[in-house]
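Here is a short tour of one protein model. Keep the sequence and the 3D view open as you read.

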Amino acid sequence: MADIDISAPALSAAAQAFVNRRKHQLFIDGQWVDALSSVTFETRDPATGAVIGEVARAAAEDVDLAVSAARKAFDAGPWRTMTPMERSGTLNKIADLMEANIDELAELETLDQGKPLHVGRWAEIPGAIAQFRYFAGLALAIEGRTIPTSINYQPEGKEIFAYTLKQPVGVVGAIVPWNSPLVLTVMKLAPALAAGCTIVLKPAEDTSLTAVRLVELMVEAGLPDGVINLVTGFGSEAGARLAEHPQVNKIAFTGSTNTGRAILEASKSNLKRVTLELGGKSPVIVMPDADIAAAAAGSANAIFFNGGQVCVAGSRLYAHSSVFDKVVEGVVEAAGNMVMGHGLNPATQLGPLVSKKHAATVAGYIEDGLNAGATVLCGGETMGANESFVQPTVLTDVKADMNVVREEIFGPVLVATPFDDIDEVLTAANDSNFGLAAGIWTEGLSNAMRLANRLQAGTVWINSHLMFDAALPIGGTKQSGFGRDSGQAALDNYLELKTVCAVV
């Protein structure tokens, strides 16, 4: 294994104080409590492998208590019946507290997940704060409508008055992933709270620390007891029980397609509502009229940002044969210039993957691709004392049936293929079980519109990638899931539409 410098500056006083607690509990019905079994599990710094805390390991009985608390808070508690202005005010208070503690949150996110500090501090956590502010606004605009009907068989002298109501769906189970923990968590919590729902949050076992700190801030903002509950633990235990629980009305999940299938199966217990944001294998198409320098830099960012641990990562590059060599050369150059190191080091551009285990999985895909005949232009090595760093990797000479082309690797691995015409590249881009996102690089309006309309993806970026906003819906087609996070569509996920028809 190649070596890498994993030195890092000291944590701030606030982040160090949090880490010094060492042991982190569940949060149920307004109280921090141990798991009933008293069992914990370790959480580690992915760069070094060092243990940075112990987290309560919730089992089914702990989840039952959390769901009961959320159910009680929804049925009898004040959150659902608060005025929209009061709910909006609380969401804005949460955003204020996140802003006041943003440096601590960014350090904890990096320490637990590995991402470069600037990614959390300047991109993802500001994005999470924006989610709370956006849905604080939408909380004031949940409206039904009156509907003129054609009913004509009411009693003589009577009239029909009909209208709709939008009401909170109930208890929400939010099961969130490890790649961008805070922002992906808030993308579930903010609209659910705006709608008036109560929540049981189950974070990924690899990245529980910022969920603990976020819940502390939410309580400080004034959320009533039982409105937010936190069950840390393993997906096969806490997550499985939450998904199947008959008192949970909705599951909001972001994660792998295989786990999404399991959640759908578990949800049959009470036919609960489910939204799934799952895996991706997003194509990036570079047309011959593109700004080549911008396309190369953008394609590199699309796959190497956060170590490729992004559901919408641009992991399949299709560049027109007339510019293919220049584009790939630019991506390879960008990969070679990336500084790898501990995420807390300000110079780091590419941190470790979330765990040694995940790095080994990514390395296995690279090896499989090489064995199948792919050519590695750069990278391909696992690095670091904890064997958790994977060099940014570019593979060419790939075929459509290779695993590296068809499966989500979730690491800094790009497969690059030339093409000659639009129909050819559309066929290749859409030849995937996934349909989460896609990117197009072109200076031609006709190219942009034709490709965007025909690409099978929930989001299409033109001359960009990874552009997010709280107002822009994001979600997938095909095996990338269904339902949307962000935007008005996300709020609708947490609302039931009721029709009222009266004879008056």
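The report below covers sheets, helix packing, and then pockets and cavities.

## The seven-stranded sheet

This is a predicted model. Start with the sheet built from 7 strands. The sheet is open, and its order is S14-S17-S18-S13-S12-S20-S21. Its pairing is mixed. In general, strands of a sheet pair through backbone hydrogen bonds, and the pairing is either parallel or antiparallel.

Which strands stand at the edges? They are strand S14 (375–378) and strand S21 (459–462). Each has a single partner strand, so one side of each is left without a neighbour in the sheet. On average, neighbouring strands of this sheet are turned by 25° against each other, direction ignored.

Now look at one pair of strands. S14 and strand S17 (residues 393–396) are joined by 3 bridges and run in the antiparallel sense. Within this pair, valine 376 stands opposite leucine 395 in S17.

## Helices on the sheet

Which strands does helix H10 touch? Helix H10 (residues 292–304) packs on the sheet and touches strand S12 (283–286), strand S13 (316–320), S17, strand S18 (413–419) and S20. The direction of H10 makes about 175° with that of S12.

H14 lies across S12, S13 and S18. It runs at about 175° to S13.

## H14 against H15

Two packed helices are described by the angle between their axes and the distance between the axes. Helix H14 (residues 422–430) packs with helix H15 (residues 445–454) at an angle of about 35°. Their axes are 11 Å apart. The crossing of H14 and H15 is right-handed.

Which residues make the contact? From H14 come Ile422, Asp423, Val425, Leu426 and Asn430. From H15 come Asn447, Arg450, Leu451 and Arg454. By class, the contact of H14 with H15 has 4 nonpolar, 2 polar and 3 charged residues.

## The three-stranded sheet

Another open sheet has 3 strands, in the order S1-S5-S4. Its pairing is mixed. Strand S1 (23–24) and strand S4 (40–44) are the edge strands, and each pairs on one side only.

How do S4 and strand S5 run? S4 and strand S5 (residues 51–56) run antiparallel, and 5 bridges join them.

## Pocket and cavities

Next come the spaces in the model. The table sets out three of them.

| Space | Volume | Lining residues | Classes in the lining |
|---|---|---|---|
| Second largest pocket | about 550 Å³ | 23 residues | 13 nonpolar, 7 polar, 3 charged |
| Largest cavity | about 70 Å³ | 13 residues | 7 nonpolar, 4 polar, 2 charged |
| Second largest cavity | about 50 Å³ | 14 residues | 8 nonpolar, 4 polar, 2 charged |

Take the second largest pocket. Ala123, Glu124, Val183, Leu466 and Phe468 are the lining residues nearest its centre. Helix H5 (117–138) and helix H6 (181–195) are the elements that give two or more residues to this lining. The largest share, 5 residues, comes from H5.

How many cavities of 30 Å³ or more are there? The count comes to 4. In the largest cavity, the lining residues nearest the centre are Ala313, Ser315, Glu408, Ile409 and Phe410.

The second largest cavity brings H14 back into the picture. H14, strand S19 (434–435) and strand S20 (437–441) each supply at least two residues of its lining. Nearest the centre of this cavity lie Pro283, Arg316, Ala429, Phe434 and Gln456.

- H14 lies across S12, S13 and S18.
- H14 packs with H15.

Methods: Residues numbered from 1 in each chain as written. Predicted model: local features only at pLDDT ≥ 70, side-chain atom pairs only at ≥ 80, totals over all residues. Heavy atoms only, no water. Pairing = 2+ DSSP bridges. Helix = DSSP H or I, 4+ residues; strand = E, 2+ residues; numbered from the N terminus. 1 Å grid on protein atoms, 1.4 Å probe; cavity = no way out; pocket = protein on both sides within 12 Å on 5 of 7 lines; lining within 4 Å. Points joined across faces, edges and corners; volume = space filled by probe spheres on them. Nonpolar A, V, L, I, M, F, W, Y, C, P; charged D, E, K, R; others polar. Axes fitted to C-alpha atoms, helices over the stretch in contact; angles between N-to-C directions. Left-handed = near helix turned anticlockwise from the far one by under 90°. Contact = heavy atoms within 4.5 Å.
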